[in-house]
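The following exercises are to be worked through with the sequence and the model at hand. Each task is followed by a solution in steps.

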Amino acid sequence: MSTGSVGIVETRYLDLPEPLALDSGRTLSGVRVAYETYGVLAPEKDNVILVCHALSGDAHAAGIGAESSLDGFGAAASPKGIGWWDGMIGPGKAFDTDRFFVISTNLLGGCRGTTGPSSIDPGTGFAYGSDFPVITVADMVRCERAFLDELGIDRLAGVAGGSLGGMQALQWAVSYPGQVDTIVVIASTHALHPQGLAWNAIARESIMRDPDWQGGHYYGTGRAPDAGMGVARMVGHITYLSAPALETKFGRRLQGRDDIGFTIDEAEFEVESYLRHQASAFVRRFDANTYLYTSRALTYFDLGREHGSLDRAVKKIRARTLLIAFSSDWLYPPAASQEIAAGLERSGNDVELHIIDAPYGHDCFLLEEARQTPVIRKFLESRT
């Protein structure tokens, strides 16, 4: 089997013809969805896998495009413009494009082509800013369902994603149980734990306390909350890693000097310099309001609350379920996947749980592609 790339890809756009109803009671009109596809759609349209991205991702999941959203440890050694899950999508890879037609969309509320806070409000002619409605993971999935309707795709062979993408996969299986054959939920949860809620709150506060946020209406003013956004990214990035990974990568090594410099404003340690670089790169490609809205959506996500209990929620699932967790992930710990698996087992559902011993924390779902690939390939090959 070839393990090559899907090649050069281009992001496309589709406008939904009907308004989108949201959990908040509001509706959005004129929603545009950015998307990419990989592989060939079968005549019966029965080989479609929808890939859902995490908080900072976009529609460019595989191949070489104009710009990459890949960052962190995996970005430095990757080709320019590479998709954020390129190691998982393509001929012979986990999501094998010799068999499957893979679709990746930018989620609702995004800033990479899908309608979000930086988009123009058709009612005012100005960017939505903080007038954009608060959205949920269920809203994101509802948008994806409406998008697929326009492509004439009624049923999915699978929905897959890591982190927030895994939440979307779970929501798909609960909201549309008769339309999804399999779900692949990686480094995710049925509800973010309190520590995760707290870190996300700090990240949002850092943006909103930046004077340049201007109540969310900073578009066209020449000022944006880049400082607050940078701190938010630093906070988020540290939560995605583990203590052993940071120790191995940086230790207490100094950055470009032999001894401490007795400064408070310089990045004297390698880890400090790394975080500043990550912040600087992130603010150049991502919108602060999208970060706020997407962060809020993932903190709202709670299948147990929405359906009375986790058992009641997962009892709706008919899809075969693959759960993958990582031993060092303290933000989305394996215990969360174990709780989902236990609920599915009590309901008599078909579920597999794999906990991979790896040191990189939550970012393992982007870094440990080689170890996930055989698990996912075997799971998808056994689908009926």
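**Exercise 1. The setting of leucine 50**

Leucine 50 is placed in strand S5, residues 48-52; helices (H or I, at least four residues) and strands (E, at least two) are DSSP runs numbered from the N terminus. The model is a predicted one, in which local features need pLDDT of at least 70 and side-chain atom pairs count only at pLDDT 80 or more, while totals for chains, interfaces and linings use all residues. Residues are numbered from 1 along each chain as its sequence is written, and side-chain values use heavy atoms, with hydrogens and water left out.

Task: Determine whether leucine 50 is buried or exposed, and which residues leucine 50 touches.

Solution. 
- Step 1. Apply the cut-offs: buried means under 20% relative accessible area, exposed over 50%, and partly exposed in between, with a 1.4 Å probe and protein chains only.
- Step 2. Leucine 50 has a relative accessible area of 1%, so this residue is buried.
- Step 3. Contact means heavy atoms within 4.5 Å. Leaving aside residues up to four places away in sequence, leucine 50 touches Ile103, Thr105, Glu144, Leu156, Gly158, Val159, Ala160 and Trp172.

**Exercise 2. Salt bridges**

Task: State how many salt bridges the whole structure holds, and locate the pairs described below.

Solution. 
- Step 1. A salt bridge is a side-chain nitrogen of Lys or Arg within 4 Å of a carboxyl oxygen of Asp or Glu. The search of the whole structure finds 17.
- Step 2. Aspartate 96 and arginine 377 form one, at 3.6 Å from N to O. Aspartate 96 is in strand S7 (residues 95-96) and arginine 377 in helix H12 (residues 369-381), so the pair ties together parts 281 residues apart in sequence. Aspartate 96, at 3% relative accessibility, is buried, and arginine 377, at 19%, also counts as buried.
- Step 3. Aspartate 149 and arginine 145 form another, their closest N and O atoms being 2.9 Å apart. Both lie in helix H1 (residues 137-150), four residues apart, about one turn of the helix. Aspartate 149 is partly exposed at 42% relative accessibility, whereas arginine 145 is buried at 5%.
- Step 4. The side chains of arginine 320 and aspartate 350 meet at 3.4 Å, N to O. This pair links distant parts of the chain, 30 residues apart: arginine 320 is in strand S11, and aspartate 350 in the loop between H10 and strand S12 (351-356).
- Step 5. Asp23, Asp139 and Arg142 are linked in a network of salt bridges.

**Exercise 3. Positive phi values**

Task: Consider lysine 45 and phenylalanine 262; in which loops are they found?

Solution. 
- Step 1. Lysine 45 is in the loop between strand S4 (32-38) and S5. Its phi is near 55°, a positive value in a residue other than glycine.
- Step 2. Phenylalanine 262 is in the loop between helix H5 (243-249) and helix H6 (270-285). Phi of phenylalanine 262 is likewise near 55°.
- Step 3. At 31% relative accessibility lysine 45 counts as partly exposed, whereas phenylalanine 262, at 75%, counts as exposed.
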